[in-house]
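Work through the exercises below with the sequence and the structure open. Each task is followed by a stepwise solution.

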Amino acid sequence: MTLNSIKVEDSSCNATETEAATSSSMQSSGVHKVCLPPYRTTFQKLRQRLSEIFFPDDPLHKFKNQTGLRKFVLGLQFFFPVFEWGPLYSFKLLRSDVISGLTIASLAIPQGISYAKLANLPPIIGLYSSFVPPLIYSILGSSRHLAVGPVSIASLVMGTMLSQAVSYSQEPILYLQLAFTATLFAGLLQASLGFFRLGFIIDFLSKATLLGFMAGAAVIVSLQQLKGLLGISHFTNQMQIVPVLSSVFTHKDEWSWQTIVMGVSFLIFLLATRQISTRKPKLFWISAAAPLVSVILSTIIVFLLKSKTIQTIGHLPKGINPPSLNMLHFSGPHLALAIKTGIITGVLSLTEGIAVGRTFAAMQNYQVDGNKEMIAIGLMNMAGSCASCFVTTGSFSRSAVNYNAGAKTVVSNIIMAATVLITLLFLMPLFHYTPNLILAAIIITAVIGLIDYQAAFRLWKVDKLDFVACLSSFFGVLFISVPLGLAIAVGVSVFKILLHVTRPNTNVLGYIPGTQSFQSLSRYSAAVRIPSFLIIAVEAPFYFANSTYLQERTLRWIREEEERIEVKKETAIKCVILDMTAVTAIDTSGIDTICELRRILEKRSLKLVLANPVGNVMEKLHNSHALEAFGLDGLYLTVSEAVADISSSWKAEA
């Protein structure tokens, strides 16, 4: 068997006279010197590392080599995405956004009312929160499908936390002050996270996690709509499956057959129109227009019947958002409560909003900038706190309706806000007879398609840990809560990362005849062992967390190879080669482990050789003087060169 060394240019290495002579000798034998990376100061290394952490997308690359005017325009587009997509906006896009905007507007009123009640706030506050924040987000947000407004989780948490200290019925002014102040602090936290480029935090929300979150939230949101479909007056405010189902069957005496018949009929109608549009994409407008048509028809039916058994939205006062800047509460014994409530609801709403935004972005194959989303959501909450709004974010159910209604851009939020404004000023009496059952039917239709069991099955086939993360998110949302369900799933994802770091893959490599390639013996049947050599590939960074494991696993590979050789009466091992191609980083613990491993093998008359360390690994090995113990023949550019050169030296000695 003949192994030819790889021929490469070696012009980047600077060498002393002695090193040059050695390098020349090595070049003549087909062995190439392993080079150090270009010298950089500590400040340069730190700057590059921080740049990679906080600016991996290099957001300022568009500004390079541009004129002053062009930089100004790019700056506007960077901070205000509306200037980027606005000039390209067309009537065709407007048509889709108008339909989707009107559709989600039909949800904004009843949802705003119900979520405001969930936060123990006046119902009108929910409508105010569906007007101002969407306008702010449409200017700053980067998601095309995120429909902004109050959400159940943040509303429930705010109502629970504030009610523990202050009762709205007894101290309504103080309660409103705390709610608006908590909203301000939530916005400050969210905007700060985005400004300081901490959007990478949400990268822990993997696709598997989002899949489980989406399915779990869809189930919970659908089950909560049973209140409207069945006509139940007294219903739980909790967000877990057990209390929801328990509330449904506990209040069987409140079920209304008129509500059930009408609600199920509209639900079947909505599902049928959606099925038609799914099978015939050209008829997408049927499912897009169906929710709004359902709202109009149901309102007319209830108005004509004037049935007292069918629950409706009821009377709401007219008028736009009054200013609330003077109601912000920055002193007194309850300030700490407002800050705590703001932080918790801010984190929960931010997590939900970005998770929902990324979910729909993935469906349409575009990216959502996490940092821009944080700033947009934060600023809209800060502005909302001064306009009688409480915490808002991307609504799961509303975004699902927005997506299914065919939204193309954030203009759908503007249409929704404009519709809410007109409603606040002129049309409030018309929604007096809108039944709650139609809201329930629309939401169920929207979210039922987000339960992607086929994707979950693919996770099981491809990655069992991803499947566990998906199930953790799903069951966590169902049985605990949305935020804790996400936290559990993130925990599983972090555990997966730690598992890969602390217990990385290692493989014994063999030579594939007729090539320069060394591949895993367990993977390639054509790969053959090279007598006297044991080649081990490490597929992870060499860190303190895995250094002991890698040492023990390497010694085990050696023991198993020696046992195999003893059984088959083959040539004993003389040299162990560590292929470090996939070792992307190393720390002092890893260096000490390699040095300790070399000493252990030396006592057993085995030679340890390193092959192809990457730039920063080579630099640290050099700076630590660890390479001095390996000698000139202890470090090679490739495994192929190491085998060829060491084999030649053994022949020369013989």
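**Exercise 1. Two packed helices**

Task: Find which residues of helix H17 meet which residues of helix H19, and state at what angle the two helices pack.

Solution. The model is a predicted one.
Step 1. On the H17 side the contact is made by Phe396, Ser397, Ala400, Val401 and Asn404, and on the H19 side by Ile442, Ile443, Ala446 and Val447.
Step 2. Sorted by type, the residues of this contact are 7 nonpolar, 2 polar and no charged.
Step 3. H17 covers residues 396-404 and H19 covers residues 436-448; their axes are 8 Å apart, at an angle of about 75 degrees.
Step 4. Angles of 65 to 115 degrees count as roughly perpendicular, so H17 is roughly perpendicular to H19.

**Exercise 2. The length of a helix**

Task: Check whether the end-to-end distance of helix H23 agrees with its number of residues.

Solution. 
Step 1. H23 runs over residues 547-568, which is 22 residues.
Step 2. The expected span is 1.5 Å times one less than the number of residues, so H23 should span 32 Å.
Step 3. Just after H23 comes Lys569, with a positive phi of about 55 degrees.
Step 4. Buried residues of H23 include Tyr549, Leu550, Trp557, Ile558 and Ile565, and also Arg553, Glu561 and Arg564.

**Exercise 3. The sheet and its helices**

Solution. 
Step 1. S7 (residues 607-611) and S8 run parallel and are joined by 2 bridges; Leu610 stands opposite Leu635 in S8.

**Exercise 4. One arginine**

Task: Decide whether Arg598 is buried or exposed, and list what Arg598 touches.

Solution. 
Step 1. Arg598 lies in helix H24.
Step 2. The relative accessible area of Arg598 is 13%. Buried means under 20%, so Arg598 is buried.
Step 3. Leaving out residues up to four places away in sequence, Arg598 touches Leu608, Ala629 and Phe630.

Note on methods: Residues numbered from 1 in each chain as written. Predicted model: local features only at pLDDT ≥ 70, side-chain atom pairs only at ≥ 80, totals over all residues. Heavy atoms only, no water. Helix = DSSP H or I, 4+ residues; strand = E, 2+ residues; numbered from the N terminus. Buried < 20%, exposed > 50% of the residue type's maximum accessible area, 1.4 Å probe, protein only. Pairing = 2+ DSSP bridges. Axes fitted to C-alpha atoms, helices over the stretch in contact; angles between N-to-C directions. Parallel < 35°, antiparallel > 145°, perpendicular 65-115°, else oblique. Contact = heavy atoms within 4.5 Å. Nonpolar A, V, L, I, M, F, W, Y, C, P; charged D, E, K, R; others polar.
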